[in-house]
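Welcome, and thanks for taking a look.

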Amino acid sequence: MKPNNLFSRIGRLSLNSITRLGTATRFLLQVLMRSGTSWRRFQLIIREIYSSGVLSLIIIVASGLFVGMVLGLQGYQTLQTYGSAQSLGVLVALSLVRELGPVVAALLFASRAGSAITAEVGLMKTTEQLQAMEMMAVDPIARIVAPRFWGGVISMPLLAAIFSMTGIYGGYLIGVRLLGVDDGTFWSQMQSAVSFREDILNGVIKSTVFGFAVTAIALFEGYDAVPTAEGISRATTRTVVTSSLAILALDFILTAFMFRGA
Amino acid sequence: MPISSYDDRIPPSSRPLFNTVSVDNLIDIRNVTFAYRNHAVLQDISLSVPRGRVIAIMGGSGCGKTTLLRLIGGQLRPTQGEVSVNEQIVHQLNNHDLYQLRRKMGLLFQFGALFTDLNVFDNVAFQMREHTDLSPEMIHDLVLMKLNAVGLRGAQHLMPNELSGGMARRAALARAIALDPLLMMYDEPFTGLDPISMGVIGKLIRRLNDALGLTSILVTHDIEESLKIVDYVYFISEGRVEAQGTPDEIRVSKQAFVHQFVHAEEDGPVPFHYPAPDYASDLGLKA
């Protein structure tokens, strides 16, 4: 490739990315500004909490349990080397509420609920349902997008909490029931080492931010999808990829701010 | 209730011609040009739609018919000129006023565009629930009346994926007239329908227009079915109004474009071949 072509291609890609970022930001602002209807008619949000949150429960609970069990096994092996196997509860709990709970739950949420949101909104666009709504003098951003956005933002921290809870239970099953760590020590060390403000609250903040990012990306990709089968397929893929990268990048930034020197 | 035939009405051919500068026009499109980026779709188009009439806008695929509907509905803004609906310039309205105007419009989409997560009843009730404070009992009765008008009262509990193409179109029609609009727009209402469904939709369009005092615009390329029910036809080609007239005038028109369209001729002003270099040269038979 000639250098000129390379530069023009990079320039074009950069310009397209900046334009798309601007469009997405404008879209997000519109969603926030037109959220009044959703809050006044809260049943619209409840319905979306069901779609995004309740229907994601199985994958969240199953994954949480397995992640917790793996943490129990791995943690026990490592801690026993230093004679600290009794601290297994602390390791499992802190790993889950600080990092794995919000991050893994958000990645699963992006794959399960995010892709579903993109496909649904994209299909509504393809079949002219959004246009039909506009022609009926009903704002699709207020009626379709905003409830899904808030449904996702509310669901995400709840799912992360459930993920962490089942993960801790998985760690308990392996550590206490299988490997013989003392029951009382497991829970009491966890209780004294895990801080509500530093650990749990920060985990909740993280998962809320992830929920905000994933749902916004999923909705934008659906709303902006090329209205063809291929367009929806590409949009769904972009949702999962972009959301996953956003989650990991945001996790790094949030962790850097929250746990500096802690 | 049987669908009334339009034999008992004044035949379209004997309805008086209307004056395109009449003050009683519901829609006035004046010198409208519209382009997608650099591609001109409509070029300096002017046409009028008097109140109470059924007007057809015809032309080949991609000639700008649907764009015209979108301009009337305010989904697009003209590059030049203006579209006036009910004495309001559509592209000058703010969002609130545009939505107020849209409450007086109904649009039947090509494939219905029913909300796939709602059943037929809820689709028809959608606008009533969004825009009015009517009681559930009142909405129930109104929805059943609308569904009865299109013959789908018995299908109220079906989901859109359980409807045939014709039924979906009728359900969408019931939804479009839910709030008794002033203007009904139909985007290719006959596409993909069997002859019976086509006839049913055609009769419904005419019957609802007359019974509810609507004004209707059909965007279509189905000559036979639409000439039976409309009062006036505009032909659009390459973004311009190429011909216009009553159905009888259209049927006997000698104008080359209209003749080709009405008689479905393969070649004419609309060529069979997409512009291409010389055939023999392309095949390498000429030096």
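Helices (H or I, at least four residues) and strands (E, at least two) are DSSP runs, numbered from the N terminus. With that naming, N86(B) sits in the loop between β4 (80–85) and β5 (88–89) of chain B. Please keep in mind that this is a predicted model, with an ipTM of 0.78 and a pTM of 0.84.

**Confidence in chain B**

- The mean pLDDT of chain B is 84, and 92% of its residues reach 70 or more.
- Residues 1–22 of chain B are another matter: pLDDT stays under 50 there, and the model has 25 contacts beyond four places in sequence for this stretch.
- Where pLDDT is low, the predicted coordinates should not be read in detail.

**Chain A as a whole**

- Chain A has 10 helices and zero strands, so its pattern along the sequence reads α-α-α-α-α-α-α-α-α-α.
- Its C-alpha trace spans about 65 × 55 × 30 Å along the principal axes of chain A.
- Of the 262 residues in chain A, 44% are buried.
- For contacts in chain A between residues at least 6 apart in sequence, 87% join residues at least 24 apart.

**Chain B as a whole**

- Chain B contains 10 helices and 10 strands.
- The radius of gyration of chain B is 20 Å, close to the 19 Å from the globule rule for 287 residues, so chain B is as compact as a globular protein of that length.
- Along the principal axes, the C-alpha atoms of chain B fill a box of roughly 80 × 40 × 40 Å.
- Buried residues account for 38% of the 287 residues of chain B.
- In chain B, 66% of the contacts between residues at least 6 apart in sequence join residues at least 24 apart.

**Where the chains meet**

- The contact between the chains draws on 10 residues from chain A and 13 residues from chain B. On the side of chain A that touches chain B, five residues are nonpolar, three polar and two charged.
- M136(A) touches R102(B) and Q127(B), leaving aside residues up to four places away in sequence.
- M136(A) lies in the loop between α6 (129–135) and α7 (140–178) of chain A.
- Is M136(A) buried or exposed? A residue needs 20 or more C-beta neighbours within 10 Å to be buried, and M136(A) has 24 inside 10 Å, so M136(A) counts as buried.
- From M136(A) to V240(A) the separation is 104 residues in sequence and 32 Å in space, C-alpha to C-alpha.

**The four-stranded sheet of chain B**

- Four strands of chain B form an open sheet in the order β2-β1-β4-β5, with antiparallel pairing. β2 and β5 of chain B stand at the edges with a single partner strand each, so one side of each has no neighbour in the sheet.
- Strand β1 (residues 25–36) of chain B runs antiparallel to β2(B), and eight bridges join them. Y36(B) stands opposite H39(B) in β2(B).

- Strands β9 (residues 232–237) and β10 (residues 240–245) of chain B pair in the antiparallel sense over five bridges.
- V233(B) has G245(B) as its bridge partner in β10(B).
- Two residues lie between the strands of this hairpin, where E238(B) takes a positive phi near 50°.

**Helix α6 of chain B**

- How does the length of this helix check out? The 18 residues of α6 (residues 195–212) of chain B should span 26 Å at 1.5 Å a residue, and the end C-alpha atoms are 25 Å apart, which agrees.
- I201(B), G202(B), L204(B), I205(B), R206(B) and L208(B) are the buried residues of α6(B).
- Those buried residues pack against elements of chain B including β3 (54–58), α4 (136–149), α5 (165–176) and β8 (215–220).
- G213(B) follows α6(B) and has a positive phi near 65°.

- Most residues other than glycine have a negative phi.
- D44(B), which is not a glycine, has a positive phi of about 55°. D44(B) lies in strand β2 (residues 39–50) of chain B, and counts as partly exposed because it has 14 C-beta neighbours inside 10 Å.
- N86(B), also a residue other than glycine, has a positive phi near 50°. With 15 C-beta neighbours inside 10 Å, N86(B) counts as partly exposed.

Conventions: Residues are numbered from 1 along each chain as its sequence is written. Chains are lettered from A and ligands numbered from 1 in the order in which they are written. This is a predicted model: local features need pLDDT of at least 70, side-chain atom pairs count only at pLDDT 80 or more; totals for chains, interfaces and linings use all residues. Two residues are in contact if their C-beta atoms, placed from the backbone, lie within 7 Å. Ala, Val, Leu, Ile, Met, Phe, Trp, Tyr, Cys and Pro count as nonpolar, Asp, Glu, Lys and Arg as charged, and the others, Gly among them, as polar. Two strands pair if DSSP finds at least two bridges between them. The expected span of a helix is 1.5 Å times one less than its number of residues. A residue is buried if 20 or more other C-beta atoms lie within 10 Å of its own, exposed if 12 or fewer, and partly exposed in between; C-beta atoms are placed from the backbone. The radius of gyration is taken over C-alpha atoms; the globule rule is 2.2 Å times the number of residues to the power 0.38. pLDDT is the predictor's confidence in each residue, from 0 to 100.
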